[in-house]
Amino acid sequence: MAWMAWTIPTALFFGVIASLLIIFTILAIKYPETPRVGILRIETTRGDRLFITLLGSAFINLIWLGLEVAPQPYALLACLAYAFAVFRWV
């Protein structure tokens, strides 16, 4: 597959996403939850909050790249803080 640059970071990225999906599926089966209403005033489940986190993290990284705020690995810290906030309050 020469059409895509499968580097270690690329493989890790897709591996983490796949692992998260598997873990959240197992959690949903083993510990079903009722949706909760957070600051967005919509009902969300763990999976919804994961999707919001992944989508927001993509935008954080794009903005980080566009504005050249600091080295890109620091965007991970911003994404982790964002993920914490989403899972806590959304």
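Helices are taken here as DSSP runs of at least four residues, numbered from the N terminus. The structure described is a predicted model.

In this model, helix H2 comprises residues 46-67 and includes Ser57. At 1.5 Å a residue, the 22 residues of H2 should span 32 Å, and the end C-alpha atoms of the helix lie 31 Å apart, which agrees with that expectation. The buried residues of H2 are Arg46, Arg49, Leu50, Thr53, Gly56, Ser57 and Trp64. Viewed down the axis of H2, these buried residues fall within an arc of 135° and therefore line one face of the helix. An α-helix has 3.6 residues a turn, so residues three or four places apart point the same way. Phe51, Leu62, Ile63, Leu65 and Gly66 are exposed and are carried on the face of H2 turned away from its buried side. The cover over the buried residues of H2 includes H1, E1, H3 and strand E2 (43-44). After H2 comes Glu68, which has a positive phi, near 50°.

Ser57 was examined individually within this buried face. Its relative accessible area is 13%, and Ser57 is therefore classed as buried, the cut-off being under 20%. The side chain of Ser57 reaches the backbone oxygen of Thr53 at a distance of 2.8 Å; Thr53 is likewise listed with the buried residues of H2. When neighbours within four places in sequence are left aside, Ser57 is in contact with Cys79 and Tyr82.

Charged side chains form a further set of interactions involving H2. Two salt bridges are present in the structure. In one of them, the side chains of Glu33 and Arg46 meet at 4.0 Å, N to O. This pair links distant parts of the chain, with Glu33 in the loop between H1 and strand E1 (36-37) and Arg46 in helix H2, 13 residues apart. The side chains of Glu33 and Arg49 also meet in a salt bridge, at 3.6 Å, N to O. Here too distant parts of the chain are linked, Glu33 in the loop between H1 and E1 and Arg49 in helix H2 being 16 residues apart. Through these shared partners, Glu33, Arg46 and Arg49 are joined into one network. Arg49 has a relative accessibility of 3% and so counts as buried, whereas Glu33, with a relative accessible area of 30%, is partly exposed.

Aromatic side chains were considered next. A pair of aromatic rings is described by the distance of the centres and the angle of the planes. The structure holds three aromatic pairs. In the pair formed by Phe13 and Phe14, the ring centres are 5.2 Å apart and the planes stand at 80°, so the arrangement is edge-to-face. Phe13 is partly exposed, with a relative accessible area of 48%, and Phe14 is also partly exposed, at 39% relative accessibility. The rings of Phe24 and Phe87 have centres 6.0 Å apart and planes at 55°, so this pair is tilted. The Phe24–Phe87 pair links distant parts of the chain, 63 residues apart, with Phe24 in helix H1 (residues 8-30) and Phe87 in helix H3 (residues 73-89). Phe24 is buried, at a relative accessible area of 17%, while Phe87 counts as partly exposed at 27% relative accessibility.

Technical notes:
Residues numbered from 1 in each chain as written. Predicted model: local features only at pLDDT ≥ 70, side-chain atom pairs only at ≥ 80, totals over all residues. Heavy atoms only, no water. Helix = DSSP H or I, 4+ residues; strand = E, 2+ residues; numbered from the N terminus. Buried < 20%, exposed > 50% of the residue type's maximum accessible area, 1.4 Å probe, protein only. Polar contact = N/O pair within 3.5 Å; in protein donor to acceptor, adjacent residues only side chain to side chain. Contact = heavy atoms within 4.5 Å. Phe/Tyr/Trp six-rings, centres within 6.5 Å; stacked < 30°, edge-to-face > 60°. Expected span 1.5 Å × (residues − 1). Arc of directions from axis to C-beta.
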